[in-house]
Amino acid sequence: MVQEKSTKFSKNIISINNIELKISSITQKLKEEILQNLKRKGAIVGISGGIDSSVTFALAVKALGAKNVIGVMLPEKDSNSESKELALLLANQLGVQTIEENITNALEGFGCYRRRDQSVAAIFPEYNSSDYTMKIGINPKAISQHLPPIFSLTIVDKNGQSKSRLLPAKEYLQIVAASNFKQRCRMSMLYYHAERMYYAVVGTPNKHEVEQGFFVKHGDGGADILPIAHLYKTQVYQMAEYLNIPKEIIQRTPTSDTYSAEQTQEEFFFQLPFKEMDLIWYGFENGYDPSEVCKELNRSEDEIKAIYNNFIRKQKTTEYLRMSPIKNF
């Protein structure tokens, strides 16, 4: 908790009061930083049909004009086809040029799928990527039970039947390390297009992703500027409404779009619905006592304390992701 509370805690405490002024401030800053500080001519944005990339994309267009922004779609064989469809829907609405770079072959070259599937098969010998899909996730109940995050592995057959088992550390680490090739490959492709155009890469992580560590170092965390890194998810949705982002995108459940089986961001990492998480995080970082926060959220004081502790744990264990390279010797 970093500062003293200044107002009474309420469910509306993080709502943006003057959305037009807020967007104007962000777009002006974005324009100044790209053109004057970074001295680049435009913006490259990786677009996935998700709410964060869509709002970032729209802000970049508002700041620089459609002709100075390029949206890059980066699908691979595990991607949901809806991601491309929704990304194109918004790009067409904004009148922005798009580029599609399928990164499947690059990931095959890195051994991304092979290395991942090797660890999955160590837990489920019957697994193969032709007959099954897979995902990993955290038990959401653990967050309110003072338990550290324990990941499980789930495989789903062609009939929709699933099996889950706790994931040992060795296999967990290899699955994550292999899957992270996806974000790092996308980052490389974004910088290829940025460098050939003399543009800046505009990153899409929101406040929770940055501060809780839900990003890949030198992957989706790799960018020249992060215009929504200070915004709660609720605020991102508020901006989406004002920016006229298509309803199909706004109503889409946020997913990691990393594993072959469908998986929400909540079940993979956050363990809480974003509307609750936003408010509890605000209470946490602004010094509100759990006894005050729990009254607004229909949770016990003990649950809020446990969630605060979970935030602290995530910040500590992901601090290295936010660190610059160590160079003071």
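Modeller: First, a term. Contact means heavy atoms within 4.5 Å. Helix α6 (residues 169-197) lies across β1, β2, β3 and β7, and its direction is about 165° to β1.

Biologist: What makes a run of residues a helix or a strand here?

Modeller: Both are DSSP runs, numbered from the N terminus. A helix is H or I with at least four residues, and a strand is E with at least two. This is a predicted model, where local features need pLDDT of at least 70, side-chain atom pairs count only at pLDDT 80 or more, and totals for chains, interfaces and linings use all residues. Residues are numbered from 1 along each chain as its sequence is written, and side-chain values use heavy atoms, with hydrogens and water left out.

Biologist: How do you know at what angle α1 and α8 pack?

Modeller: Axes are lines fitted to C-alpha atoms, for helices over the stretch in contact, and angles run from 0 to 180 degrees between N-to-C directions. For helix α1 (residues 19-37) and helix α8 (residues 233-242) the angle is about 95°, and the axes are 11 Å apart.

Biologist: What is that orientation called, and why?

Modeller: Under 35 degrees is roughly parallel, over 145 roughly antiparallel, 65 to 115 roughly perpendicular, and the rest oblique. Therefore α1 is roughly perpendicular to α8.

Biologist: Which residues meet there?

Modeller: Ile19, Glu20, Lys22, Ile23 and Ile26 in α1 meet Gln238, Met239 and Tyr242 in α8.

Biologist: How do you know that β2 pairs with β3?

Modeller: Two strands pair if DSSP finds at least two bridges between them. Between β2 (residues 69-73) and strand β3 (residues 97-100) there are 4 bridges, in the parallel sense. One of the partners is Gln97 in β3, for Ile70.

Biologist: What makes the crossover from β2 to β3 right-handed?

Modeller: The test is to point the strands away from the viewer; the path from the first strand over the helix to the second must run clockwise. The chain goes from β2 through helix α3 (residues 81-94) to β3, and this β-α-β crossover is right-handed. β1, helix α2 (residues 51-64) and β2 also make a right-handed unit.

Biologist: How many bridges join β1 to its neighbours β2 and β7?

Modeller: There are 4 to β2 and 2 to strand β7 (residues 200-201). Both pairs are parallel. Gly46 has Val72 as its partner in β2, and Ala43 stands opposite Ala200 in β7.

Biologist: What order do the strands take in the open sheet?

Modeller: The order is β3-β2-β1-β7, 4 strands in all. β3 and β7 are edge strands, as each pairs on one side only.

Biologist: Are the residues of β2 buried or exposed?

Modeller: Buried means under 20% relative accessible area, exposed over 50%, partly exposed in between (1.4 Å probe, protein chains only). In β2, 5 of 5 residues are buried. Val69, Gly71 and Met73 lie on one side, and Ile70 and Val72 on the other.
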